[in-house]
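Please look through the sequence and the model shown here before reading on. The report that follows describes the overall build, the confidence and a few individual residues.

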Amino acid sequence: MLKFLEPNKIFSVTSKAPKYVLFLFIVVLSVGLTEALILSPEDYKQSHAVRIMYVHVPAAWIALGIFSSITFLSILGYIFKIKNFFLIAKSLAPSGFVFNIIALVTGSIWGKPTWGTWWAWDARITSMLILALFYLMYLLAWRIYENKEQLYKITSIITILGIINIPIIKYSVDWWNTLHQPASINILSKSSIHSSMLFPLFIMTAAFALFSLLIFLMKYNTELIKIKNKGLDRL
Amino acid sequence: MINEILFMNGYGIYVLSSFLFTLLSFLSLYFVVKVQYVRERNKFIAKFGNLKSERAAFAKSQIINKEILSNSSNF
């Protein structure tokens, strides 16, 4: 049933896709940057500092989304013994980690003009830092462990433990008194953010998602070629 | 207009440094991953070139190997 997910079948698509994704990413990012830096209005309270939201929020969303995907793929891979799922998860991790770092750094820069401090041990920031540590542990595990069975077990455990942190990040602003404001964008109810700010936010999210797709494709192709290199050694 | 975009009521330094950090992170990640890809592909091509003819013919019969050799510069 999952034959279409075999690396041989996937590679014919993934090897050609990066150039198209790169082109699309540049186009969408250009539109997003124009909207975010020039066309979108300033906030009545935060003035132009609000523009940091257009890189901070998409980066945080994508870091959370990628970690959730990695966990899902690792669990499925472990249950159904599909090695390719682990390879896909491994290829997703570098961009997830970089987006996590971007969210932390841009959040810190945003904190200075709005809260008057670069860093606070607030629940949302601390839980995002913990997520970055889980990403780091996951990436290091791939470098440290040689035995595949052991590696798959360890990476699955790391992701399962890490996923507990995702709802904590999401609801930290509701559960604790934090410097962060409650969520402005809700899927089920009306968002408290104006459409003139929502549009650039979605465009930048699309650009970031395309970038993570691009990195994933490049990394996945590299991993497949690595496997093929080992195959040639055995010939 | 340009001054307004750069200065942003005094917030320009924060806004532009956030965007700059993001773009630099993107560029760094892109080039690191690209270097890894090129290195592995070159290793593959070199190993393929060292194969004896019948082994090379067998290796070339695999779809994925053909794809790697044909996509020598795809991005």
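A residue is called buried when its relative accessible area is under 20%, exposed when that area is over 50%, and partly exposed in between, with a 1.4 Å probe and protein chains only. By this rule A:Asn100, at 0% relative accessibility, counts as buried.

This is a predicted model, in which local features need pLDDT of at least 70, side-chain atom pairs count only at pLDDT 80 or more, and totals for chains, interfaces and linings use all residues. Residues are numbered from 1 along each chain as its sequence is written, chains are lettered from A and ligands numbered from 1 in the order in which they are written, and side-chain values use heavy atoms, with hydrogens and water left out.

**Chain A as a whole**

Chain A has eight helices and zero strands, where helices (H or I, at least four residues) and strands (E, at least two) are DSSP runs numbered from the N terminus. Taken along the principal axes, the C-alpha atoms of chain A fill a box of roughly 65 × 40 × 30 Å. Of the 235 residues of chain A, 54% count as buried. Among contacts (heavy atoms within 4.5 Å) in chain A between residues at least 6 apart in sequence, 75% join residues at least 24 apart.

**Confidence**

The predictor gives the complex an ipTM of 0.91 and a pTM of 0.90. Chain B averages a pLDDT of 83, and 79% of its residues score at least 70, pLDDT being the predictor's confidence in each residue, from 0 to 100. Within chain B, confidence is highest in helix α2 (residues 12–49), at a mean of 94, and lowest in helix α4 (residues 63–70), at 67. Where pLDDT is low, the predicted coordinates should not be read in detail.

**Individual residues**

| Residue | Relative accessible area | Class |
|---|---|---|
| A:Lys81 | 56% | exposed |
| A:Leu136 | 36% | partly exposed |
| A:Lys219 | 9% | buried |
| B:Met8 | 1% | buried |

A:Lys81 lies in the loop between α3 (53–80) and α4 (83–115) of chain A, and its phi is near 55 degrees, a positive value in a residue other than glycine. B:Met8 is placed in the loop between α1 (2–7) and α2 of chain B, and B:Met8 has a positive phi of about 45 degrees although it is not a glycine.

A:Asn100 belongs to helix α4 of chain A. Leaving aside residues up to four places away in sequence, A:Asn100 touches A:Ala63, A:Met128, A:Leu131, A:Ala132 and A:Tyr135. A:Leu136 is part of helix α5 (residues 123–144) of chain A, and its C-alpha atom is separated by 14 Å from that of A:Leu104, 32 residues apart along the chain.

Which residues does A:Lys219 touch, not counting those up to four places away in sequence? They are A:Ser91, A:Pro94, B:Val33 and B:Gln36. A:Lys219 itself is found in helix α8 (residues 195–234) of chain A, and the C-alpha atoms of A:Lys219 and A:Met53, 166 residues apart along the chain, are separated by 28 Å.
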